[in-house]
Amino acid sequence: VQLQASGGGLVQAGDSLRLSCAASGRAFSINAMGWFRQAPGKKREFVAAIRWSGSTTYYADSVKGRFTISKDNAKTTVILQMNSLKPEDAAVYYCAAANGLAYSMNIYARETQYDYWGQGTQVTVSS
């Protein structure tokens, strides 16, 4: 599975941004997709996850109500819509794909659950 992330950029606080992650290769093996982010000097942290069917989502508390993860079922693409961006949202955002099936979505908050990672895309939020 190959993952291609795109959509990062420079925005002002309060603005919106939409990240995309396109999966190719053995995409049929994917059970869930996730987004993580890493700010300078900080550990990579979980942002959001979605089952490959698109039926269930899970969010970090810090983005709940502002970010929405969704799947374009016509394509093998997962979208992260980020609204009301804050300076603390600035980071390199990574998408990841998991082959394993977890019955509880909070399992997908763990980096170790993921088998494939895309390259990061930079999100910069100015205050």
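Glu 111 and Arg 44 form a salt bridge (a side-chain nitrogen of Lys or Arg within 4 Å of a carboxyl oxygen of Asp or Glu), with their closest N and O atoms 3.0 Å apart. Glu 111 lies in the loop between strand 9 (91-98) and strand 10 (116-117) and Arg 44 in the loop between strand 4 (32-38) and strand 5 (45-51), so the pair ties together parts 67 residues apart in sequence. Strands are DSSP runs (E, at least two residues), numbered from the N terminus. The model is predicted: local features need pLDDT of at least 70 and side-chain atom pairs pLDDT 80 or more, while totals for chains, interfaces and linings use all residues. Residues are numbered from 1 along each chain as its sequence is written, and side-chain values use heavy atoms, leaving out hydrogens and water.

**Salt bridges**
- Five salt bridges are found in a search of the whole structure.
- Arg 37 pairs with Glu 45, with 2.6 Å between the closest N and O atoms.
- Asp 89 and Arg 66 form another salt bridge, at 2.7 Å from N to O.
- Asp 89, in the loop between strand 8 (77-82) and strand 9, and Arg 66, in the loop between strand 6 (57-59) and strand 7 (67-72), are 23 residues apart.
- A network of salt bridges links Arg 37, Glu 45, Arg 66 and Asp 89.

**Accessibility**
- Buried means under 20% relative accessible area, exposed over 50%, and partly exposed in between (1.4 Å probe, protein chains only).
- Glu 111 is partly exposed at 30%, as is Arg 44 at 25%.
- Arg 37 is buried at 4%, whereas Glu 45 is partly exposed at 37%.
- Asp 89 and Arg 66 are both buried.

Key:
Helices (H or I, at least four residues) and strands (E, at least two) are DSSP runs, numbered from the N terminus.
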